[in-house]
Amino acid sequence: MENTEELERTVSYSRTECTYFVKNEDINGKGRLFGGRLMQWIDEVSSIACRRHCGMPITTAAVDNLQFKEAAKVNDIIVLIAKVTYVGNTSMECRVDSYREDSSGIRTIINRAYLTCVALNEDDKPTHIPYKLKLENENDKAEWEGALKRIEYRKYRRSEGF
């Protein structure tokens, strides 16, 4: 008999935390963390979270809602926390919160981003994600609903030529 039970993984299953130390080579001409470096770190941590969820190679397809809220400087500790917030057929959305952590361990949000990643097969073609996303609490459900709105907005912008 065939197993028709849906495979699921929770949001917390994909949760990934990465920590970086801001060095001189990470700084722009104004003495702040270069936005491109932070974007690289965001893409890396998002890729790890999405790969954890789907269990296969992925590629980043889109970055939404990248908001720089605060600056970071040399010797700051940067903490990035990623989690999958939505899973479709071949793509997933991942939220990444970036924090500056002070010497007492207090974290201040410096960036929030949402990325869309696509699962790939051995031929580097989009493929079905075998695991649905199990929503365990109201926050997970709110993130899922927000993802649906962002998906619609992306479709609208594409239709407008953006």
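Helix 2 is followed by G55, a residue with a positive phi near 75°; helices here are DSSP runs of H or I with at least four residues, strands are DSSP runs of E with at least two, and both are numbered from the N terminus. The structure is a predicted model, in which local features need pLDDT of at least 70 and side-chain atom pairs count only at pLDDT 80 or more, whereas totals for chains, interfaces and linings use all residues. Residues are numbered from 1 along each chain as its sequence is written, and side-chain values use heavy atoms, with hydrogens and water left out.

Helix 2 itself comprises 20 residues, 35–54, and spans 28 Å from its first C-alpha to its last. This is close to the expected 28 Å at 1.5 Å a residue, the expectation being 1.5 Å times one less than the number of residues. Its buried residues are L38, W41, I42, V45, S46, A49, C50, H53 and C54, where buried denotes under 20% relative accessible area, exposed over 50%, and partly exposed the range in between (1.4 Å probe, protein chains only). An α-helix has 3.6 residues a turn, so residues three or four places apart point the same way.

The structure contains 0 disulfides, a disulfide being a pair of cysteine sulfur atoms within 2.5 Å. C50 is accordingly in no disulfide, and its nearest cysteine sulfur, that of C117, lies 3.7 Å away. C50 counts as buried, at 0% relative accessibility. For C94, the closest cysteine sulfur is that of C50, at 4.5 Å, which is too far for a bond; C94 is also buried, with a relative accessible area of 0%.

Strand 4 (residues 77–87) is mostly covered, with 10 of its 11 residues buried. It runs antiparallel to strand 2 (residues 16–21), to which 6 bridges join it; strands are taken to pair if DSSP finds at least two bridges between them. Strand 4 also pairs with strand 5 in the antiparallel sense, over 10 bridges, and a hairpin of 3 residues connects strand 4 to strand 5. A82 of strand 4 stands opposite T16, and its bridge partner in strand 5 is V96.

E93 is placed in strand 5 (residues 91–101) and is buried, with a relative accessible area of 2%. Its side chain makes a polar contact of 2.8 Å with the side chain of R150. Such a contact is a pair of N or O atoms within 3.5 Å; within protein, one must be able to donate a hydrogen and the other to accept it, and residues adjacent in sequence count only if both atoms are side-chain atoms.
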